[in-house]
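Q: I have a protein model open and would like to learn how to read some of its features. Could we go through them one at a time?

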Amino acid sequence: MKKGDAEVERLLASFLDQSPEPITSSKELSERLARLAREIQRAVVMAFEQDLASTELRNLRRAFAEVLIPDLDQPEKTGEFADMYSQTIVYGLFAARCNHAGPEPFRRLGAARSIPRTNPFLRQLFETITGTALDEEPYVDYVEDVVTILDHTDLDSVLADFGKRTKQEDPVVHFYETFLAAYDPKLRERRGVYYTPEPVVSYIVRSVDSILKSHFGLGGGLMDSSTVEYEEEAPVMDRYGKPDPSKLPARMTKTSPKVLILDPACGTGTFLYAVIDHIRQDFMTHGNAGYWSAYVRDHLLPRIFGFELLMAPYAVAHFKLGMMLAGQDLPVEVRKDWIYDFKSNERLGVYLTNTLEEAENPWKNLWGYEAIGREAQSASMVKRDKPIMVVIGNPPYSGHSSNRSWEMVNGKRTPTFVGKILQDYYKVDGKPLGEKNPKWLQDDYVKFLRWGQWRIEHTWIDLTEMGQTGGGILAFITNHGYLDNPTFRGMRQQLMEAFDEIYILDLHGNSKKKERAPDGSKDENVFDIQQGVAIGIFVKTPEKNGLAKVYHAELWGSREDKYQILSGTDIEITQWANLIPQKPFYLFIPQNHGLNDEYQKSWKVTDVFPANVLGFQTHRDHFAIDFDRDQIKKRVKDLCDTSLSDELIRERYNLRDNRDWKLSAIRAQLQMDSDLEKHLLICLYRPFDWRWCYFSNAVMDYPRRELMDNVKHRENLCLLSSRQQAVAGYRHSWVSGFPANDCAVSTTSREANQVFILYLYPSSSDSSRQKSLASADWPPGKDGRVPNLSPEFVADFAGKLGLSFVPDGRGDREATFGPEDVFDYIYAVFHSPSYRERYAEFLKIDFPRVPLTSDLSKFRRLVKLGGELVGLHLLESPLLGQPTTRYPVVGDNRVEKGRPKYFAPGETEPGSKDGAVLEAGRVYINKSQYFEGVPPEVWEHQVGGYQVCDKWLKDRRGRQLSYDDLTVYQRIIVALKETIRLMEEVDSAVGEWPLE
């Protein structure tokens, strides 16, 4: 045994003496660092959750909250702070290791001294948080593991590719993105972090350089060394070197370089790198290496600024730009001529800050972390005082913005700085937008555009007041949704009022809209994202006068083709089309103005039906809606059962409280209701898909008062239509006799359908809007109802037709017409293929308009055809009595996973051993059972965002179809086949456009 013990001891000692294999791959290094960063993050979160966080950790968090990220000290932001802290540790050590010199092993203590002087903030902060106090933290071992990994990393191999940029990838950025993917891929999504391809950056940088020369008379462009005087606000100091709160700040006149460049969301420094590279390339072309260091010191470093909120990209930006200025991205043979050696008091102007937060007083009690205050103070001077001339970059795209527009001050909801300036985008032509849900204006990229506009305007005003020439350039690549979305019309008008010239290069690539190139070929995004993008360059010159001239160009096709064009052109070479944006939308896309004038003469459907509302929303469809009435009934009874706890109900039905719905309160409400079943009714969930629901605010967040008063248990017709389309082509019109879900036409949020109600009933509710609508000049009809039609619209139509209007039901169409005739007429027009094609560019951005005819015979025919379409879509038409399909195979009638599948006529019969060819189209619901006789055009027919024949069965996967289900599906086939035929007849009845 003793011999064995000795052998084990020898083997163990031998193992411990072995040096680990060095890491030579940037991918391996970033992934291993990410795993350890995640462990540090989790340990920090746990320390706060268990109230075990050290005083040092708490003080650091409070300091960040005071100066950089408000509310970071709130419980719900613990994870965000832990992210920042862990990335500070890991990337601080990484930066130190990259700068570590000498034969000594790399160690934590003293590592701060190896962080480049170009980043004094990280250097000072890191020295504080990685000192001896860290030894007492529970995650110190993870930190030491990071040190060990870095000590055994072959950095020459890891960084060998620095400077070898491709169109899509920068090795340093790739390192960060690999880290982020391994650390927390959702963080990238939340912050909208995406690397900007080099051709896009190059196009923007070269275009800005060209504009500076052509529009501002700055011969050097981006490298220009002109100066300008400006005023800077400086606090009056007390004898302790702190601002004296009893004295007003002093305004001081200073001299600054004129071309100050800021990337307000700089990420890893891609745009700033490109700016410096563009300038250096000019020096290299002219053989001016001897001037380079002096130029960097006197005219480059004072002009380049960047803001970043996330610690990891902030550290990477410093590292990357520092290496660049050290010539590390150049070939070895020329590197020595282009090295800039930073002096002790020099730094890169990249600051850790939240651009969208107002510059605040940094002189607060920061509990030993004054470095954070100094960083904030430096960033604030750039935000507030510096005469920034160029704002450039790729701001984050995030519909669920992490940057607040509101905050609570003394118990009141108060707009933040960006929330205040953003309010300008909520107005158009001096009036409120009137949007029911303007949430897209809260997207991060919109806030950054508004901030960039404010910053350029601020510079222009300040310099103009001092008698100097102001102005500037805002150049971003962003989501292209703001170009034509109606919600952004106020934003577009504001941009036109703020700038002289606006250049929009739409790069398209919107897979959400299923964009295709004009020739039908594939259109690809320049990023690896679904949302289409556009380059926007906004120019404000000293001669600003009137609304901006707007220029538009676009690129379609493959990613590589777009890259090639962007790399070879700039703003001077691009072929621009002159736009004339007009009210009410001020679109930044080309329009046929003659056709627009024709279309605008028609009645907007929201003006035809004054009472209209978004379809109902439950926010818990899985609970409030079901195929089976008894299932809904059982769920509601469980809510009323006092023997069941809230916790059990939540678990059983996966229910969560939100702002508008609290389970305990709702249960108490239901327990007081003596007639629970009165709310059980049929609703329209999807096209031809009627389901049971509990139509009440007890289980729905928004059942909609208009639907409860006028459609629930009422005889009524509802026209459904979407305001916009996420995919090309208007097919977003449908009908319902029951309350309709907001996704009845499409599940895409921007295609949510509005419900236009035909009749208004006497209401017992206190809705003043309902009562005012119902008190129009119509005599009551059946059950006291009145038509929900604008009297002005009715008078216009009656005058054109020469008919009298009857306010209930139908007229005889010889001397009279009624509400249901109007409804059928509109329904026919909206199903006209030529109407949808002719007015496609207008239909995609707003609710449809109703053109009127004075041709009585045309009116009668369209009413007849519209009525037939309504009957088909309600599955009430006599045409549905005779099915055109067979269902010949016996089975369990269950829709299997991966089904339905369609096989067109002429295809080989599934399972055929002799290669038999199908004579008629088949829709298989499982391996053996199918509907036969389904034509390809019926299978492919779409309503809104749905391919109906596919969608209806897909939503029933795993279910066993009943006899009624099978019969309904056969009727749907007939309805769609007849719809296709009737749509052609509608076009025949319409004849030539415009309607006369």
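A: Happy to! Keep in mind that this is a predicted model. Let us begin with the cysteines.

Q: How many disulfides does the count come to?

A: First, the general idea: a disulfide is a covalent bond between the sulfur atoms of two cysteines. In this structure the count comes to zero disulfides.

Q: Is Cys-683 buried or exposed?

A: Cys-683 is buried, at a relative accessible area of 0%. Cys-949 is buried too, with a value of 0%.

Q: Now the rings. How many aromatic pairs are found in the whole structure?

A: The search finds 52 aromatic pairs. Take Tyr-91 and Phe-94: their pair is edge-to-face, with 6.1 Å centre to centre and 75° between the planes.

Q: Where do Tyr-91 and Phe-94 lie?

A: Both are in helix H4 (residues 78–99), three residues apart, or about one turn of the helix.

Another edge-to-face pair joins Tyr-839 and Trp-993, at 5.8 Å centre to centre and 85° between the planes. Tyr-839 sits in the loop between helix H30 (833–838) and helix H31 (840–843), while Trp-993 is in the segment after helix H35 (963–990), so this pair ties together parts that are 154 residues apart in sequence. Both Tyr-839 and Trp-993 are buried.

Q: Which residues do ring pairs link into a cluster?

A: The cluster contains Trp-603, Trp-778, Phe-793, Phe-797, Phe-805, Phe-817, Tyr-825 and Phe-859.

Q: Which ring has Arg-38 over its face?

A: That ring is Tyr-183, with Arg-38 at 4.3 Å from the ring centre.

Q: Let us finish with strands. What is the order of the open sheet of three strands?

A: The order is E29-E30-E31, and the pairing is antiparallel. At the edges are strand E29 (901–903) and strand E31 (930–932), each of which pairs on one side only. From one strand to the next, the twist averages 15°.

Q: How many bridges do E29 and E30 pair over?

A: E29 and strand E30 (residues 922–924) pair over three bridges, in the antiparallel sense. To find one of the contacts yourself, go to Lys-901: its bridge partner in E30 is Tyr-924.

Terms used. Residues are numbered from 1 along each chain as its sequence is written. This is a predicted model: local features need pLDDT of at least 70, side-chain atom pairs count only at pLDDT 80 or more; totals for chains, interfaces and linings use all residues. Side-chain values use heavy atoms; hydrogens and water are left out. A disulfide is a pair of cysteine sulfur atoms within 2.5 Å. Buried means under 20% relative accessible area, exposed over 50%, partly exposed in between (1.4 Å probe, protein chains only). Rings of Phe, Tyr and Trp (its six-membered ring) pair if their centres lie within 6.5 Å; planes under 30 degrees apart count as stacked, over 60 as edge-to-face and the rest as tilted. Helices (H or I, at least four residues) and strands (E, at least two) are DSSP runs, numbered from the N terminus. A charge sits over a ring if NZ of Lys or CZ of Arg is within 6 Å of the ring centre and within 35 degrees of the ring normal. Two strands pair if DSSP finds at least two bridges between them. Axes are lines fitted to C-alpha atoms, for helices over the stretch in contact, and angles run from 0 to 180 degrees between N-to-C directions.
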